[in-house]
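User: Please take a close look at one residue in this predicted model. Then move on to other parts for context.

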Amino acid sequence: MSNFPKCPECGSEFTYEDGNMYICPECAHEWPKDGTAAEDNTEGRIVKDANGNVLQDGDIITVIKDLKVKGSSSVVKVGTKVKIIRLVDGDHDIDCKIDGIGAMKLKSEFVKKV
């Protein structure tokens, strides 16, 4: 077996190295080989979608409910696919760009991971 460290997030022993990073195939957590903390916008906070799946920066999500856009007559329809999300702190914990609408903040309870 390998001498790679266990994943600090889920404790998996199946980690592997990629360049100067260690990667966990079970939870997709990445951290540097030198042991310093990786940059993390959520600061240890776990954001989950409506189905309980853990969301991470760069994930692709789908909207599960029609959402009215505040200050506009636009509506984000059910099934709208959103690519490359970014997790942020606050009530609306997903920052993204939706085609045809623009930059938006969404609540994780109204999306599901694809």
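Analyst: Thr15 is buried, because its relative accessible area is 4%, under the 20% cut-off. Thr15 sits in the segment before strand S1 (16-18). The model is predicted.

Now Ile60. Ile60 is partly exposed, with a relative accessible area of 37%. Ile60 lies in the loop between strand S5 (54-55) and strand S6 (61-63). Leaving out residues up to four places away in sequence, Ile60 touches Lys81, Val82 and Lys83, as well as Lys112, Lys113 and Val114. For Val82, the C-alpha to C-alpha distance from Ile60 is 5.8 Å, across 22 residues of sequence.

Last, the second largest pocket. Its space is about 240 Å³. Strand S7 (67-68) and strand S12 (102-106) are the elements that give two or more residues to its lining. S12 gives the most, with four residues. Lining residues include Leu67, Lys68, Ala103, Met104, Lys105 and Leu106. Lys65, Val69, Lys70, His92, Lys107 and Phe110 line this pocket as well. By type, the lining divides into six nonpolar, five charged and one polar residue.

Terms used: Residues numbered from 1 in each chain as written. Predicted model: local features only at pLDDT ≥ 70, side-chain atom pairs only at ≥ 80, totals over all residues. Heavy atoms only, no water. 1 Å grid on protein atoms, 1.4 Å probe; cavity = no way out; pocket = protein on both sides within 12 Å on 5 of 7 lines; lining within 4 Å. Points joined across faces, edges and corners; volume = space filled by probe spheres on them. Nonpolar A, V, L, I, M, F, W, Y, C, P; charged D, E, K, R; others polar. Buried < 20%, exposed > 50% of the residue type's maximum accessible area, 1.4 Å probe, protein only. Contact = heavy atoms within 4.5 Å.
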